[in-house]
Each structure stands twice: as structure tokens, then as C-alpha cells.
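Thanks for asking me to look this one over. My comments are below as numbered points, so that you can go through them with the structure open.

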Amino acid sequence: MFPKYNVIVVGAGHAGCEAAVAAANMGSRVLLVTMNMNTIAQMSCNPAMGGVAKGQIVREVDALGGYSGIVSDESMVQFRMLNLSKGPAMWSPRTQNDRMMFAGLWRKKLEEHPNIDFWQESVPGLLISGGVCKGIITSLGIEILSDAVVLTNGTFLNGIIHIGEKQFGGGRAGEKAATGITEQLISLGFESGRMKTGTPPRVDGRTLDYSKMEVQPGDEKIQRFSFTESKLPEKQLPCHITYTSESVHETLKEGFEKSPMFNGRIQGLGPRYCPSIEDKINRFADKERHQLFVEPEGWDTCEIYVNGFSSSLPEDVQYKALKKVPGFENMKMFRPGYAIEYDYFPPVQLNMNLETKLIKNLFFAGQINGTTGYEEAACQGLMAGINAHLAIFEKDPFILKRSEAYIGVLIDDLVNKGTNEPYRMFTSRAEYRILLRQDNADIRLTPLAVQIGMSGLDHRMETVNNKEEDIKKVENLFDSYSMDPNIINSFLNDVDSSPLKQKVKLKSIISRPNITLDKIRNVIPELDNTLSAYHQDAVMSAEIAVKYDGYIRKEQEMVDKMERLESVRLFDDLDYRKMQSLSIEAREKLEKVRPRTIGQASRISGVSPSDISILLVHVGR
């Protein structure tokens, strides 16, 4: 009934979709297995992509040939570039999306791919022989063979949904949980744990009074996630902001004794940086109010997502409390918020290519590894799909360094440090973030994707080459273009910057704090006309390179120092337990993680600088 596939991907969420297209675009024959073909690429929680650090990840996925950026662009209802008041390392694109359009576009792209087949059924087991994954067993007992399997089970593994004192099995509202895989993996020696996440109520936008809320419009200039010419909307939908109050908090407290978070029914840890509303008012009791974002679910629906009101309290308590929020007095609820608890597998059980250490050709990606967020899942799926293909064709794994991508930071953190709470990416996690900006993801990563054989990137590579040429030309222009004091001094006085006494090069003006190229272009039409001949992304990148030159060079020096440690390989047969000069904790952690290099060993929690010195002696350095 089924041919043998190169790669089977289990689960069709954000990780599964990217894993499927990545393996398929590498040349593998792929089977994407999902319990429900109608929920492929569903935005289970917030209908939005990107945000702080997450936006950089979406751009990186796009630069590597993934589809999340294109789908996000073509389904957006609003675009905002966050953190523009800060330095460019912090700029983070974010889109509000049409939930149904997003999923529909993803499914269309998957179905158009000649290397991807589909099967709708649950997968309770894997085919394992001699420590190698050989395929899957479906709930009907069908055995489907493959060279590799990527598990992207999301919140479905033994998922339990909690609403007040009510609980029932499910991986998402209206969908059943997945059973069998956890139990099999534990029997094979894997360690598992429980995590928790949640979602807020959805309400009827027709019943809200937006005049009592603050309008949050999109940016005047719509930008893209994708480095392609993806289609953008001609208009945008506004979001709105409102606030809870002490009255809302008192009503919520009425349900605390029935809260599964507070009475011990939920054992798994929830996301630290996206707490439920009951957790917020419990942990931050001094706060009189909390911000709520009122976000549309799409162009053609009145359904509203109440961002910031995630809850597992009884549905009647959620309803009563929401009615006291300004603008929600006449609100009608579509469905209450809920918490969901599910199995995950601590990611220290993975190699850097996301292959499990215990079972060859078995890969994990997404929330099964303890992460939270569509973007974190998507990039893991992409990397797992690529590496599954490379593994079965006996090619070197594709591993991104911390200095090359946020994706590299994320996977390095997971594998070397593990996580016991849902992992979320932040710019602060990346020590080289001035190098890992959202504007240069294509220059950093597209050439790497081409090198490993990702198909369909010829035009993108041409675009990258043109962009790099434009950046050099614009930088040369900055070095040669003279600024006349008679033309620029009035502007400099207006922005409290020292006036010129003689002509200087444009580069020195751009390097001043609080002065941007856009402001100078407004003053000098001739310069604006000259710069208009170049791609504006290249102009922005050139400005950043000039303005932050010192910071960029300093970070690159740090990278170069770290590279020397990364180049020192650790022997595969090292027995850390016998190295008595290492600390006990270092011996335990090193034996568990089995790092490939000294650099990787140095990032393992519990391995000290003195332990690294001892390892260097052992490898003859």
C-alpha cells in the first residue's frame, strides 16, 4: 500500500510542516502524517508570527529555504517592527495573521510539492530494529517503512486539557490526544517529563466597544519576513489595547480554589514569560492592572483573540471577569481559555543535529523538545528535516553555530543546557546579537543552504550577491560623499548635534548618535535620489555597518576566539567518568551530553573553566 519513504514526519504543526518541506527540498521522498488533514499548520494559540527574537528566527528560516516567512507575509493582517527605539540588534518583525488563510496557504504549498505525500491517522508506535528507526506503526496497525522519522508531536503526547476542575484528554480544543509513543520511548530508555501551556478565551468582536480601548495600528510601511518578493496586503487591520483592573482581579480570585494551577492537578511547568492571568495576579500582586491585546483572528471573521488573558480557571469565572474589562461589558464568549499539559523529552538526549542519541535516524523537533512558540518549533523542524535527509545519505550534519544564527543559539541551548520549563527565545540569549540581525539573515544563511544542496535557491543566491554588492557601493558612497556645512548645519542644530566647520564625509555624520540616514535624506534631496538607485535593504545594512562598526568588530573578535575552542575536537571514546581531576558534576554532565568540541563542552551547565583546562590537556592542547 505504501512505498518506502526516505523521511516520515509525524505531526503537521509548524515544526512538522517545515521538516517536511526541508527534507523534500533536499531531495527526500517524504510522508507527512497527521491526525487531521484539516488542521495542518494551525495556529493553535495566537494568530501571529515573529516578535522579539522570534522575528529574527522567521527571517532565518526563510533565508534557509523554509516557508514560514512567505506564508506569514501573504496571510498578514498587520505588520509591526518592534523595538525601533533601540539598536538594530533588537529590531524584530512581527505580523498579525489571518488564522485560516495562514493554514490554507501552508497546506497549498505542501500539496503542491511533488516529493510530499500525506496520511491521516494517529501514530502510536515506531518501528525500531537494532537501535535504528525504520518507520512507524499507525493506529490501524499499518507499518510504513522509512529511512528516518522526525517526531513533531506538539502538545498531543498524552495531552490533558484543564478548565477549572474539569479535565479531559486532548492535544488541542476539539482534538484527541496522542498515546503510545511516550510509553515506547520510555521503554527504550528515554527520559520524559511534563510541561504545560495555555490559551486565552476567544470572544465575539461584534460585542466589544472599541471606543473604550487604545488603537494599535500597524506600521505605515509594511515590510516582509521573506527575502523574496512575497505578496503583501494593501491595507491592515488594527489591534487594540485595554487593561484589567482590581475588580477584574478580585473576580478571578474567586476561582482560585478551583484552579488546576493552584490545587496541584497540573504538575508540568508553564512558560515563564507568558504566564496565565491567574498566575500574573498571584505573582505580581502589587500590580493594579495588566495589559490586554485585543487581536483580530482574520479578515473575514469577528473572532477575537484576547492576548494576555490565558487562563485555566472555570469558564464562568473567566466570563464574569472579562465582562469587567473596559470595552468588554457586553462581550459574548466563543470559547473559554484552557491549560494543556503534555509530555516532552528533555533535549539533552539529542545530538546537535536533533537526532536522538539512543536511536539512530530518529529526530525530535518542536514542543517535544521543551520549546514554546511557533517560531522555535518551525526552525527546529527545518533543521531536523535537513539533517534527517543528510543522515540517511551519510553526509555530514548541518549544524549552525551560535555566531551564525539564532537557530544555532536555540539548538545549542537545548542540547547542552536542557530545559525543565518551556524554552522561549530572547535576544538576550544570543551573545553575538549585533551579528545576528534580522536584516542580514539572508547574507548569513542562504549561502549555507545552497552549499548543503537545498533546492530552489538559485534566484535567492543571486539576490544575496546583488545585495552584498549594493552594500559595498553604499558604504563607498558614505566614504566619498562630502557634507557641506552650509547645507547640513541647520539640521544638526535642530537635533542638538555639533555643527560642521568644514566639509566632512557622510560616514562621520552617520556615525553620530541620534542621527539616522533617513533624516539626512530628508534634508538633502540629491543624496536621497542617489540612494534610491540601490535596494533599500542594502542601504539600511550599510548604515548599520557604518554606525555600529566598533561593536561589530568587537563581537567578531569574540567569535574568532570562540572558534578556536570550537575547532578542538573531543575524542568519541573519552571516558569522562575516569577523569578524576574533573569535578563530579562535570563528569556527570559531560558523560550525558557527550560534546563534540571543547567549545560545546564549555557551554554545558556545570562545566567550569578549570574543567575545560583539564579537557584541553587530555586532547593534547
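**Notes on the model**

1. Let me start with a helix pair. Helix H1 (residues 14–26) packs against helix H9 (residues 374–392) at an angle of about 30°, and their axes are 7 Å apart. Please keep in mind that this is a predicted model. Angles under 35 degrees count as roughly parallel, and H1 and H9 are therefore roughly parallel to each other. Their crossing is right-handed.

2. Which residues of H1 and H9 make the contact? On the H1 side they are His14, Ala15, Glu18, Ala19, Ala22, Ala23 and Met26. H9 contributes Tyr374, Ala377, Ala378, Gly381, Leu382, Gly385, Ile386, His389 and Leu390. Sorted by class, the contact of H1 with H9 has 11 nonpolar, four polar and one charged residues.

3. H9 also meets helix H10 (residues 406–417): the two axes come within 10 Å and cross at roughly 85°. This makes H9 roughly perpendicular to H10. From H9, the contact takes in Glu376, Cys379, Gln380 and Met383, and from H10 it takes in Ile407, Leu410, Ile411 and Leu414. Six of the residues in the contact of H9 with H10 are nonpolar, one is polar and one is charged.

4. Now for a sheet. Three strands form an open sheet in the order S3-S5-S4, and the pairing is antiparallel.

5. Methionine 49 is found opposite threonine 95 in S5.

6. Finally, the aromatic side chains. The structure holds six aromatic pairs, and one of them joins phenylalanine 190 and phenylalanine 345. Their ring centres are 6.2 Å apart and their planes stand at 85°, so the pair is edge-to-face. Phenylalanine 190 sits in the loop between helix H5 (181–187) and strand S12 (193–199), while phenylalanine 345 sits in the loop between strand S19 (338–344) and strand S20 (362–364), so the pair ties together parts that are 155 residues apart in sequence.

Note on methods
Residues numbered from 1 in each chain as written. Predicted model: local features only at pLDDT ≥ 70, side-chain atom pairs only at ≥ 80, totals over all residues. Heavy atoms only, no water. Pairing = 2+ DSSP bridges. Helix = DSSP H or I, 4+ residues; strand = E, 2+ residues; numbered from the N terminus. Axes fitted to C-alpha atoms, helices over the stretch in contact; angles between N-to-C directions. Parallel < 35°, antiparallel > 145°, perpendicular 65-115°, else oblique. Left-handed = near helix turned anticlockwise from the far one by under 90°. Contact = heavy atoms within 4.5 Å. Nonpolar A, V, L, I, M, F, W, Y, C, P; charged D, E, K, R; others polar. Phe/Tyr/Trp six-rings, centres within 6.5 Å; stacked < 30°, edge-to-face > 60°.
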